[in-house]
Amino acid sequence: MAEPVPSGLDHARRHRPPLTPHVRNRTAPCPLTKASAVPVTRPAAGHRRPALADLVVSLAGALFVLAGATGLVPALSGVALAVAGGCTLACVRLARLAGTPPAPAGPDRPVSPDPARPAGAPPGRQARRVALSRRVAATLNAAVLAAGLTVAVLPLTDAAHRLPVALAGLAVTAPLYAMALLRLPGRSRLSHAERLRRAADVVGLGVSLVFAGWVLLPPGEVPSVARTASVAGATGLAVLLVAALAEWRRRPGAARCLAGAAATLAGLALLVVLLAYHAPDRAVLAVAPLLPVGALLTAGGARRSAAGERPRPGGLPVAWPELTAPAGIAALAAGHHLWTVGEFTGTAIALGLAVIPPMVLRELLAAADQRRRVARLAAREARLRDLVGDDQPAVATPAVGPVDRAGLLRGLAGSKGGALLVVDLHRAVDGGAVDLPVLVEVARRIRAGCGRGDLVARLADHEFAVLTDVGPVLAYALGTRLLAALVEPYPQAIRIQVSVGLAETTGGDPEDVLRQADLARRRAVQLGRDRVEWYDAYLEEQLVRRLDLERELPGAVARGELDLVFQPVLALADRQPVGTEALLRWRSPVLGTVLPDELLPVAADLDLVGEVGRWVLDRASRQLAAWSDGGRELWMAVNVTPRELAAPDIVARAATALAAYGVPPERLVVEVAEPAVGAELSTVVARLAGLRSLGVRTALDDFRAEHASLTQLRRLPLDLLKVGPHLVGPAADGQRPLIDVVASLSARLGLEVVVEGLESEAQVAGARRAGCRYGQGFVLARPATAERVEAWFEEFPSAPR
């Protein structure tokens, strides 16, 4: 690599720090020469192009509806135009998702459900990120398209055929939505109690909607089509809305898709009812808001689900909508009916009364769930009280909740100095929660390891705190002692991993001290667990930055925030460009430009390296094709990690990208870093051989010229060898530079040498003297955007064309 920081996906392992350093919002200079520095402008924080597009489409739709209502355009035309805008935008977004291959999580690295999960954590941990399959996105796209076309063709259809068109649209859209929603990722099996509770919610809301539709229909005989559409629409709406509310915290993307389907299908059902009653065209304007909103919600939910579900913070889903919505809907509908009609039919009264039993059943089920939850918690805490509560008054073990935090904060407020230790526990096998029998033994070991004046509190199911009045040295010794005691085997034949965070209590606010100790605990978790870590201010800065990166990176590919800059590779003999290297940048609207040394470790921990790597290969191939169309015969180097090479589809993926853009395979160079190859040598050899069978050239980056490296070099199927400038200078013992040895060996093996990181003319001269053909570095050309590189190429009319 030619830039001073890691510049491609192959650096995810070798430059991966335990915790990425805090880097302020900044932009990376990407001029080609030192005299032509042009900073990259950082977008305003919080700017989102999708939000702007939604706003424009919404305003345009409102104007079309207003024009239809005032008679400036025919009402049906206004509805069609308003619906077409929202559905078109949603279809474009869904089509992009349908054409983007999903990033498989892989069995060897499930996605971490919390920011503190270390790299390489064992499988079995709750996987937070699930990818939306292209087939599901295509099905959702078809559903939105069918709904939009149903309304769009109404102005072109005579009045007698509009109702059949609306029925056909509803009949096509509903099954498409059902197929897609049932296959959204992340669905969990419901327990018997949850299924019963969900059924009660659906029945209660469905009956209230049927009642509302019944009493709001015009008096007189109800057309059979309108009756069927009202009942079916109310039932479907109830099912979708209840499911959306239930998934709103755990799967917010899926919840948006469900809400979008509800809005779209409700709009089509309303359209059928209006056409069945031969309502005037202006009445159809009521459909206009539902379909665009439903389409955009569907697309937004699909994009969020494809980027990886991030559960919303908080506890259990709120229950008040399921309890109050049926009553509120029935009451409002009844009030409107009384105001306009004045009396109820027998059927309406029966439907109104039928709303009550499901609500009563829902309350009973909720009360039973609460009693079971309280009983389980009380039994769990009683076990711990029996062990350490009665005979040790210094131990604080109240019920888990705000009662624990308050007790610990009171102890911190009264502390005259000392330290706070936060102890975190996880099973060593799968990183999961620790069972109750083990917790009982943990509590005993903690109590035995602490002094008589120390305060022990249980903060959560797997987290304890110890408040001690000793100084820093003894507090660290206490943490080390507790760690040694807690990692010993348990009678249950399991081993747990322990992370201890330490913070001094002197002169600190109790809330701040607790937060600082918890941040130190997170540091210990990220560094691999089974360790003790002190808090310091820089640590907090690092963790906050890390959390920001982990929050923003999922979905960056779908949002179009990734970018490539390109650094030319020159022939040292005549300084003519012969190729470029694609270097990754993340242009985050919130964090500014993020360089690979920050981006890639986070991408690895979130299992996004594959997704990012696919984007880089596709974008680099497209840019190479554009330059080839201009007559330039340059190569393009793309960096991959050994883990990417281990993917069984890497060769097929490269072949697809080359074929898609018509790029000759010898113009693509796949680079892998030499320090990361050792552990996966056999796999890397096989994949590089497969790529070379396509005609793709391969390169070993960051070659170190050590004995093991020289041995490894003979096994790898390579075309290019990239070495750093440190090999160009004279050796420490006065012998000839190592670059001479490397160049000689490369010539015998048939490899071309690229010296990267060149920053002075002396280094360039040394590389050329050794017989190296190619060079890369700031002294030759700096990384820049494709447009600036293209302009720079124009200065070399004799460059390969």
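User: What volume does the second largest cavity have?

Analyst: The second largest cavity has a volume of about 50 Å³. This is a predicted model, in which local features need pLDDT of at least 70, side-chain atom pairs count only at pLDDT 80 or more, and totals for chains, interfaces and linings use all residues. Residues are numbered from 1 along each chain as its sequence is written, and side-chain values use heavy atoms, with hydrogens and water left out.

User: What makes a set of points a cavity, and what makes a residue part of its lining?

Analyst: On a 1 Å grid over the protein atoms alone, a cavity is a set of points where a 1.4 Å probe fits but cannot get out. Lining residues have an atom within 4 Å of a point. Grid points are joined across faces, edges and corners, and a volume is the space filled by probe spheres set on the points.

User: Which residues line the second largest cavity?

Analyst: Among them are Val569, Glu581, Trp635, Lys722 and Gln776. S10, strand S11 (668-673) and strand S13 (720-723) each give two or more residues to this lining. By class, the lining has 7 nonpolar, 1 polar and 3 charged residues.

User: What do nonpolar, polar and charged mean in that lining?

Analyst: Ala, Val, Leu, Ile, Met, Phe, Trp, Tyr, Cys and Pro count as nonpolar. Asp, Glu, Lys and Arg count as charged, and the others, Gly among them, as polar.

User: Why is the pair of Phe566 and Trp627 called edge-to-face?

Analyst: Rings of Phe, Tyr and Trp (its six-membered ring) pair if their centres lie within 6.5 Å; planes under 30 degrees apart count as stacked, over 60 as edge-to-face and the rest as tilted. The structure holds 4 aromatic pairs. The centres of Phe566 and Trp627 are 5.3 Å apart and their planes are at 70°, so this pair is edge-to-face. Phe566 lies in strand S7 (residues 562-571) and Trp627 in helix H19 (residues 609-629), so the pair ties together parts that are 61 residues apart in sequence.

User: Why are Phe566 and Trp627 called buried?

Analyst: Buried means under 20% relative accessible area, exposed over 50%, partly exposed in between (1.4 Å probe, protein chains only). Phe566 has 3%, so Phe566 counts as buried. Trp627 has 4%, so Trp627 is buried.

User: What makes Trp627 and Phe793 an edge-to-face pair?

Analyst: Their rings are 5.5 Å centre to centre, with 75° between the planes. This pair links Trp627 in helix H19 to Phe793 in helix H26 (residues 786-793), 166 residues apart. Phe793 has 0% relative accessibility, so Phe793 counts as buried. Ring pairs link Phe566, Trp627, Trp792 and Phe793 into a cluster.

User: How do you know that Arg445 lies over the face of Tyr490?

Analyst: A charge sits over a ring if NZ of Lys or CZ of Arg is within 6 Å of the ring centre and within 35 degrees of the ring normal. Arg445 lies over the face of Tyr490, at 3.8 Å from the ring centre.

User: Are Arg529 and Asp530 buried or partly exposed?

Analyst: Arg529 has 6% relative accessibility, so Arg529 counts as buried. Asp530 has 27%, so Asp530 counts as partly exposed. Arg529 is in the loop between helix H16 (510-526) and strand S6 (531-534). Asp530 is also found in the loop between H16 and S6. Arg529 has a positive phi of about 70°, and Asp530 one of about 55°.

How values were computed. Helices (H or I, at least four residues) and strands (E, at least two) are DSSP runs, numbered from the N terminus. On a 1 Å grid over the protein atoms alone, a cavity is a set of points where a 1.4 Å probe fits but cannot get out, and a pocket is an open set with protein on both sides within 12 Å along at least five of seven lines; lining residues have an atom within 4 Å of a point.
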